[in-house]
Amino acid sequence: MKKNLIIIAFVLCVSTVAFSNQTAVSSYLEGCNAYAKGDWNTAVFLLEKAKAYSDYDNPDTAYMLITAKIYSGDERTALQDC
């Protein structure tokens, strides 16, 4: 019984990590698409979501996020992000 609980806990942990990684990738890619289309508000939302994950907390994401905030008219938050 104890062995089964350990196996179940392991499977849940692995699936949670896999799901969160997929969420990060999806948010980043959709954010890049929105950025490329000039949909600044959507880009800001999705890139902020992606930046919450360590894989996408990098200068490239920060640049696109700050730029999208500037184009959307949110200069104050863009300045804070700098």
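The protein chain holds 4 helices and 0 strands, where helices (H or I, at least four residues) and strands (E, at least two) are DSSP runs numbered from the N terminus. Along the sequence the pattern reads α-α-α-α. This is a predicted model, in which local features need pLDDT of at least 70 and side-chain atom pairs count only at pLDDT 80 or more, while totals for chains, interfaces and linings use all residues. Residues are numbered from 1 along each chain as its sequence is written, and side-chain values use heavy atoms, with hydrogens and water left out.

Of the 82 residues of the chain, 28% count as buried; buried means under 20% relative accessible area, exposed over 50%, and partly exposed in between (1.4 Å probe, protein chains only). The accessible surface of the chain is about 5,900 Å², and carbon and sulfur atoms account for 61% of that surface. Such areas come from the Shrake-Rupley method with a 1.4 Å probe, and for residues only the protein chains shown count as cover. Among contacts (heavy atoms within 4.5 Å) with a separation of 6 or more, 42% join residues 24 or more positions apart.

A nonpolar core is a set of buried Ala, Val, Leu, Ile, Met, Phe, Trp, Tyr and Cys residues joined through side-chain atoms within 4.5 Å. The largest one here has 13 residues, and Y28, Y35, A43, L47, Y56, M64 and A68 touch the most other members. At least two residues of this core come from each of helix 1 (2-37), helix 2 (40-51) and helix 3 (59-71). Helix 1 gives the largest share, 5 residues. Setting aside residues up to four places away in sequence, L47 touches Y28, G31, C32, T61, M64 and L65.

T61, one of those partners of L47, lies in helix 3. T61 counts as buried because its relative accessibility is 0%. Beyond its neighbours within four places in sequence, T61 is in contact with Y28, L47, K51 and Y56. Y28 is 33 residues from T61 in sequence, yet their C-alpha atoms are 8.1 Å apart in space. Towards Y56, the side chain of T61 reaches the backbone oxygen at 2.9 Å.

S27 is another residue to look at, and its place is in helix 1. Its relative accessibility is 3%, so S27 counts as buried. Not counting residues up to four places away in sequence, the residues that S27 touches are L46, K49 and A50.

Notes: A polar contact is a pair of N or O atoms within 3.5 Å; within protein, one must be able to donate a hydrogen and the other to accept it, and residues adjacent in sequence count only if both atoms are side-chain atoms.
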